[in-house]
Every structure is written in C-alpha cells, then in structure tokens.
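Colleague: I'm still new to reading structures. Could you pick one spot, look at it closely with me, and then carry on from there?

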Amino acid sequence: MTTLGEILTIPRFSTIHTLNKKADLSKVVDTIEISETPDVALFLPKNSFLLTTAMVFENDPAGLCSMIQSLHDLPAAGIGIKLGRFIDEIDPKVLEFADKLQFPILQIPSTVTLGTISHQLLSYIWDQQTEKLNYALDIQKKFANMMIKDATLASLIRHLGSILKRPVLLVDSFLEIVAESRHLKQQPHILEAHFNKMIPKLKEAQKLGKEYSFILESDAEQQLLVSVFPVQTGSYFPYLLVIFKADQIPYPFSQFAIEQANIVLSYTLYKNQKLLESNLILREDFFQQLLELSNNEKMLNWLEYGKDYGLKSSTSYQIVLATIQLTLENQVPQKINRI
C-alpha cells in the first residue's frame with residue numbers, strides 16, 4: 001500500500017508540499033484522478049488522490065470546503081491543487097476546515113501540468129504494486145518448492161517468520177500450537193504472556209473464517225497488533241496463521257504475499273491429512289487380516305510385513321478379540337408413551 005507520506009519522501013516529488021498542518025499523510029493512495037467538477041466525489045473510486053486547479057472555486061471557499069467534505073466522506077486520499085492558475089493561495093478558512101478533518105491538501109507546482117504530475121504519480125504507484133506482485137509470486141514459488149520437497153509445517157513457518165521478520169504461529173483446529181517461528185522460540189515469554197489471552201480472539205477468528213486483527217495489551221502498557229489468517233484444510237474449524245506485530249511488516253511484503261504462503265500451508269495441511277488417513281486405512285486393513293490368521297507359517301510373513309506398523313518378532317503378543325452381543329437384558333429399554 002502506497003501512502004501520501006511515502007510519495008512525498010520521493011525526490012522527484014519534492015516540489016509537492018502539504019498546505020495544512022494537520023493533514024493525515026498515512027492515507028493510502030490507490031489511483032490518481034483529474035477533475036474540475038464540483039461533485040466529482042460521486043464519480044471517484046475510494047482512496048483516490050484528486051488533482052485539480054479548483055477553478056470553479058476561485059471566489060467560493062465555502063464551495064471548496066463542501067467538496068473537501070465530500071472527498072473526506074468517500075473516503076479519498078487527499079486533494080492536490082495547482083496554485084497560480086486560477087487560485088493564487090488557499091483561503092485560511094479552507095485550510096482550517098481541512099485540518100478539522102485531517103484531510104490533506106497538497107500544493108502542485110505551477111511549473112508542471114496536471115497531466116504530467118498524474119502520469120508521474122501513477123507510474124510510481126504502479127511500479128510499487130508491480131514490485132509487490134513480483135515479490136509475492138517469488139514467495140509463492142519458494143513455498144511451493146518447499147512443499148514439493150516435503151518440507152514440514154515447522155520449516156514452512158520458520159521460513160515465513162524469517163521473511164516477515166516477525167513472530168509467526170500456526171495453531172490447529174483445537175487451538176493447539178503446531179509450529180512457531182524462531183522469534184517465538186528465542187523469546188518464549190511472548191507466548192507465555194499472551195497466548196491464553198488470545199484464545200477467545202482466536203475462537204472468534206475461527207467462527208468468522210476470514211482475516212481478523214486485534215490488539216493485545218502487554219504488561220509494559222504497549223499495544224501489540226496481532227493478525228490472524230484462517231488456513232482452510234477441509235475441516236469445519238480452520239487452522240490459524242497468527243502474525244505478531246503485523247503493522248511492522250517490512251516492505252515489500254504485501255497482503256498478497258501472505259495469501260500465497262497461506263495457500264501453500266493449506267495444501268501442505270491437506271496433504272498431511274490425506275496421508276494420515278491413508279496410513280490409518282492401511283493399518284486397519286493390516287490388523288483386520290492379522291485377526292484372520294489360521295496358522296503360524298503365515299505369521300512369519302505378516303511379522304515381516306508388519307514392521308511398518310511397529311510389530312517385532314516376539315513370543316509375548318496376544319490377540320484379544322471382543323464382540324458385543326445384544327440380549328434382552330443389556331438392551332436399553334424404550335419409554336412408551338401411552339395415550
């Protein structure tokens with residue numbers, strides 16, 4: 001996600017200045033639009049940054065305030081006004097109004113056209129999005145290769161934690177810890193202090209079945225943002241991928257990259273589940289046939305075959321075959337309601 005604050009730190013945009021003191025520059029910018037229409041907010045997508053000369057508000061600061069309110073309600077990322085074309089300076093009342101909303105008003109230099117600055121801003125935003133997409137695909141490729149090579153869940157979670165540079169935890173459907181990143185092994189106090197507090201929130205995340213974030217209050221009066229991502233495995237309650245300090249994930253690791261890692265974890269869990277089911281079926285079939293043995297010669301072959309199921313050559317094996325026989329005495333009587 002590209003914010004106004006990030007854009008203003010880029011050298012080629014150093015001629016763009018913030019006009020109001022309380023502007024919220026953490027607003028996300030998804031696209032750039034150019035318009036001179038007063039009711040443009042009705043036609044803009046969310047998180048747009050509007051470029052304009054504000055010529056229709058040359059002598060109408062109240063009208064400009066009204067448009068700023070509509071952009072704030074959208075919500076839009078901000079407005080960039082090219083001064084010197086129709087408006088030489090922004091009325092202080094407009095800046096005061098924008099400060100109340102913390103809505104950014106930026107000054108676009110008069111030396112460039114709105115088309116040029118729009119192209120430059122869009123190029124930067126698209127380059128950032130392309131970089132994040134390429135990074136996410138690279139993450140997906142690495143995780144897929146690890147899955148093909150039968151990497152364990154523990155190694156996948158450790159790898160994810162090392163990429164994110166944040167503590168990562170995987171819990172199963174019963175909220176038992178399955179795997180954790182090195183951060184949590186090196187700092188076990190994080191889990192000791194917070195895991196029990198997290199359980200109600202994790203249950204809520206399971207019910208929602210979608211991304212869920214919440215704040216944990218630490219003993220040092222610090223807030224810890226935790227993001228939870230369900231990992232679907234075919235069971236009613238999903239596994240949960242828990243990421244601590246999610247608000248501090250370094251660039252360019254994006255939401256899409258986390259989703260790619262999530263998909264690989266889901267496939268790995270599904271594969272492990274099917275292998276376990278297959279092994280249980282084979283084990284059941286083996287012991288079913290073992291109960292049907294009629295002579296000791298067959299036993300020698302079955303002992304060899306049974307090594308995969310933990311059988312060893314010994315004289316101490318005993319087979320106990322129990323059956324349930326229903327009689328009139330042990331049947332549960334049914335209550336008859338008479339009319």
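Modeller: Let's start with S173, which sits in the loop between β6 (168-171) and β7 (177-180). These labels come from DSSP runs numbered from the N terminus, with helices (H or I) needing at least four residues and strands (E) at least two. Before we go on: this is a predicted model, where local features need pLDDT of at least 70 and side-chain atom pairs count only at pLDDT 80 or more, while totals for chains, interfaces and linings use all residues. Residues are numbered from 1 along each chain as its sequence is written, and side-chain values use heavy atoms, leaving out hydrogens and water.

Why do we call S173 buried? Because its relative accessible area is 18%, and buried means under 20% (exposed is over 50%, partly exposed is in between, with a 1.4 Å probe and protein chains only). Skipping neighbours within four places in sequence, S173 is in contact (heavy atoms within 4.5 Å) with Q206, S235, F237, P238 and Y239.

Next, some strands. β9 (residues 223-231) has seven of its nine residues buried, so the rest of the structure largely encloses it. β9 runs antiparallel to β10 (residues 239-244), and six bridges join them; strands count as paired if DSSP finds at least two bridges between them.

F49 is the bridge partner of I32 and stands opposite G78 in β4. From β3 the chain goes through α2 to β4, a right-handed β-α-β crossover: with the strands pointing away from you, the path from the first strand over the helix to the second runs clockwise.

Now the largest nonpolar core, which has 24 residues. That term means buried Ala, Val, Leu, Ile, Met, Phe, Trp, Tyr and Cys residues joined through side-chain atoms within 4.5 Å. M67, L71, I79, I81 and I105 touch the most other members. α2 (61-73), β4 (78-82) and α3 (92-101) each give two or more residues to this core, and α2 has the largest share, five. Beyond four places in sequence, I81 touches residues including T52, L64, I90 and I105. There's also a second, separate core of 23 residues, with I139, I157, L265 and L269 among them.
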